[in-house]
Amino acid sequence: MTRRRITALTIVGAACYAAWDCLHLLAAYNVYLVGVPLEPSMVKGRVFQDAWNLLFFGATAISVALTLNIRNSRWGYWINLWVTSLADSGLIFFVLIPGYWSWWPGLAGPVLWGLGFTFTTLAYVREKLVRCGTRSYTQEQIDDSKNSPDWFPHMHPPMPSVVAQGTATFACGSCHLPTGTGHDESAYLASIPAPYIVNQTAKL
Ligand code: HEC
């Protein structure tokens, strides 16, 4: 299970979607007001239904933003992307393009949608890059026993020079890796207490 992290990007992305939600709660109320003076009829019923749908879109977007998007969840990313895209395409095709409402403030919702989409995507892609590692090494560099290849620098504290480059000996990281998880043939050192490591290396 991968740990999902709250970062500045996830917070901004979630905040944009949450602001999108506030606009939709307001829109739901305005549509409700449109329906109130209408004669009891199918049109009145449909207008109230539209207000209800907008309320639902808004409520979904904000709950997903504050519980999932903020933690960079994959599910949250796709749910809010679909919900907000479908909701806004209705506004664009049925209200803005026919010219029933001016482009501004009509486009405020789609703009927030675009920002939410951009920031959640950046957060998502960034985490993927970090997790997969962005560095690459040639075979020669990987085999260099005086320089530890370091694919995941965010996964360990700064290396002491003996781990990174070695001293008179090879670099510890060239066999045990900077994370301590090692190759198949070298021991797993991650989370082993320091005194034990000192004791073992003294005995070796
Ligand atoms: C050339 C590869 C290589 C280098 C370089 C290397 N080690 Fe190891 N290390 C191993 C292997 C292989 C083992 C497992 C030996 C065994 O199980 O008999 C091991 C075992 C250990 C153990 C014992 C782990 C245990 O579970 O008891 C410690 C501690 C250790 N190494 C620390 C270090 C330190 C500190 C350095 C750097 C100063 C270092 N090693 C450098 C290959 C290496």
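Which helices do the buried residues of helix 5 pack against? They pack against helix 1 (8-35) and helix 3 (74-96).

## Basis of the model

This is a predicted model, in which local features need pLDDT of at least 70 and side-chain atom pairs count only at pLDDT 80 or more, while totals for chains, interfaces and linings use all residues. Residues are numbered from 1 along each chain as its sequence is written.

## Overall form

The protein contains 9 helices and 0 strands. Helices (H or I, at least four residues) and strands (E, at least two) are DSSP runs, numbered from the N terminus. Along the principal axes, the C-alpha atoms of the protein fill a box of roughly 90 × 30 × 25 Å. The radius of gyration of the protein is 27 Å, whereas a compact globule of 204 residues would have one near 17 Å. This radius is taken over C-alpha atoms, and the globule rule is 2.2 Å times the number of residues to the power 0.38.

Buried residues make up 22% of the 204 residues. A residue is buried if 20 or more other C-beta atoms lie within 10 Å of its own, exposed if 12 or fewer, and partly exposed in between, with C-beta atoms placed from the backbone. Of the contacts with a separation of 6 or more, 55% are between residues 24 or more positions apart. Two residues are in contact if their C-beta atoms, placed from the backbone, lie within 7 Å.

Helix 5 covers residues 108-132, and its 25 residues should span 36 Å at 1.5 Å a residue; the end C-alpha atoms are 36 Å apart, which agrees. The expected span of a helix is 1.5 Å times one less than its number of residues. The buried residues of helix 5 are Gly109, Leu112, Trp113, Gly116, Phe119, Thr120, Ala123 and Tyr124. After helix 5 comes Gly133, with a positive phi near 85 degrees.

Helix 3 has 23 residues, which should span 33 Å at 1.5 Å a residue; its end C-alpha atoms are 31 Å apart, in agreement. Gly76, Tyr77, Asn80, Thr84, Ala87 and Asp88 are the buried residues of helix 3. These buried residues pack against helix 1, helix 2 and helix 5.

## The nonpolar core

The largest nonpolar core has 21 residues, of which Ala14, Cys16, Tyr17, Ala18, Trp20, Ala61 and Ala65 touch the most other members. Helix 1, helix 2 (42-67), helix 3 and helix 5 each supply at least two residues of this core, and helix 2 gives the most, with 7 residues. A nonpolar core is a set of buried Ala, Val, Leu, Ile, Met, Phe, Trp, Tyr and Cys residues joined through C-beta atoms within 7 Å. Leaving aside neighbours within four places in sequence, Ala18 is in contact with Ile62, Ala65 and Leu66.

## Surroundings of the ligand

There are 14 residues around the ligand, and Phe170, Cys172, Cys175, Ala187 and Gln200 come nearest. A residue is near a molecule or strand if its C-beta atom, placed from the backbone, lies within 6 Å of it. Helix 8 (172-176) and helix 9 (194-203) each supply at least two residues of this shell, and helix 8 gives the most, with 4 residues.

The residues of the shell divide into 7 nonpolar, 6 polar and 1 charged. Here Ala, Val, Leu, Ile, Met, Phe, Trp, Tyr, Cys and Pro count as nonpolar, Asp, Glu, Lys and Arg as charged, and the others, Gly among them, as polar.

## Loop residues and backbone features

Thr179 lies in the loop between helix 8 and helix 9. This residue is partly exposed because 17 other C-beta atoms are within 10 Å. Apart from neighbours within four places in sequence, Thr179 is in contact with Phe152, Met155, His156 and Ala190. Thr179 and Gln49 are 130 residues apart in sequence and 56 Å apart in space, C-alpha to C-alpha.

Most residues other than glycine have a negative phi, and most peptide bonds are trans. In the loop between helix 8 and helix 9, Leu177 has a positive phi near 65 degrees. Leu177 counts as buried because it has 23 C-beta neighbours inside 10 Å. Ser191 lies in the loop between helix 8 and helix 9 and has a positive phi of about 70 degrees. Ser191 is exposed, with 7 other C-beta atoms within 10 Å. The peptide bond from Trp104 to Pro105 is cis, with omega near 10 degrees, and Pro105 lies in helix 4 (residues 103-106).
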